[in-house]
Amino acid sequence: MVFGASGGIGSALLRALEKDPRCAVAAAVGRNTAPALDLEAEPSIREAAEAIAKDGTVHLIIDATGILHDVDMSPEKTIDAVDPATIARAFAVNATGPLLLFKHFHRLLPRDERGAFASLSARVGSISDNALGGWYGYRASKAALNMFIRTAAIELARKRPLAVCLALHPGTVQTQLSDPYSGSRERFQPDHSAEQLLQVIDRAQICQTGSFLAYDGSEIPW
Ligand SMILES: NC(=O)c1ccc[n+]([C@@H]2O[C@H](COP(=O)([O-])OP(=O)(O)OC[C@H]3O[C@@H](n4cnc5c(N)ncnc54)[C@H](OP(=O)(O)O)[C@@H]3O)[C@@H](O)[C@H]2O)c1
């Protein structure tokens, strides 16, 4: 199951899963699917989870949602650009929303088989790796997401001991999210990033649950 499959990386993840012979059904759930859900509306998340639960268990749940900019928001270059409403929106979509996905969908993971819940974070959410500054809302919302994933992983280990819960950095990827800010920097194609991320999830050991991992499997410092 892929949340955010209308996005650049999410659509590539869905394509890769559709081609994978080990994947019986690959499902996309987002604002324009049936059932639909919006990260900023918890009832829609609960209702989608209840509808999908009728079809049985889901072995792999990937959250590829997120926001960096839209018509109403752009990442802050300096403190003067900080606006409480924009910060609140970044937290709602990038941190609270994924936590609500976990809240309502973790029950769909199998009890006695391997399962995974992975959420796309970003290296810029690493506090110790922050040497450039700026992007207050995006950075802090991803740092909050990382803490949510770590905390959820501890609870999941008690309820679904064969499942892993991961925060993943996809690399800098050519999507509409990174388009305005990539400059001359090399970016991965979404299909490449998706293949890498699926390998990282596949190879993740149970003892790595709660980790923050990059597309190459390396651990990112918090
Ligand atoms: N691209 C990069 O270089 C890069 C680097 C590091 C981390 N990431 C992370 O990777 C993830 C995917 O990024 P991307 O580049 O693929 O971005 P994208 O193309 O902009 O896709 C974002 C996805 O999030 C969904 N979404 C946004 N707000 C939502 C809401 N309120 N409810 C439900 N869905 C919502 C969008 O759905 P709609 O179609 O409905 O808007 C879309 O499917 C994000 O978490 C991003 O922070 C990306």
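Which residue in S5 is the bridge partner of Ala118? The views below answer this for a predicted model, in which local features need pLDDT of at least 70, side-chain atom pairs count only at pLDDT 80 or more, and totals for chains, interfaces and linings use all residues. Residues are numbered from 1 along each chain as its sequence is written.

**View 1. Overall fold of the protein.** The protein contains five helices and six strands, where helices (H or I, at least four residues) and strands (E, at least two) are DSSP runs numbered from the N terminus. Along the sequence their order is β-α-β-α-β-α-β-α-β-α-β. The C-alpha trace spans about 50 × 35 × 30 Å along its principal axes.

**View 2. Strand S5 and its pairing with S4.** Leu166 in S5 is the bridge partner of Ala118. Strand S4 (residues 115-120) pairs with S5 in the parallel sense over six bridges; two strands pair if DSSP finds at least two bridges between them. From S4 the chain crosses through helix H4 (residues 136-159) to S5 in a right-handed β-α-β crossover, meaning that, with the strands pointing away from the viewer, the path from the first strand over the helix to the second runs clockwise.

**View 3. Strand S5 and its pairing with S6.** S5 and strand S6 (residues 212-214) run parallel and are joined by three bridges. Leu168 stands opposite Leu213 in S6.

**View 4. The two faces of S5.** In a regular strand the side chains alternate between the two faces of the sheet. Ala163, Cys165, Ala167 and His169 lie on one side of S5, with Val164, Leu166 and Leu168 on the other, and all are buried. A residue is buried if 20 or more other C-beta atoms, placed from the backbone, lie within 10 Å of its own, exposed if 12 or fewer, and partly exposed in between.

**View 5. The loop between S4 and H4.** Trp135 lies in this loop. Trp135 has a positive phi of about 55° although it is not a glycine. Trp135 counts as buried because it has 21 C-beta neighbours inside 10 Å.

**View 6. The loop between S2 and H2.** Pro35 is placed between strand S2 (28-29) and helix H2 (42-53). The peptide bond from Ala34 to Pro35 is cis, with omega near -5°.

**View 7. The shell around the ligand.** Of the 26 residues around the ligand, Ser6, Gly7, Gly66, Thr175 and Leu177 come nearest; a residue is near a molecule if its C-beta atom, placed from the backbone, lies within 6 Å of it. Helix H1 (residues 8-19) supplies the largest share of the shell, three residues.
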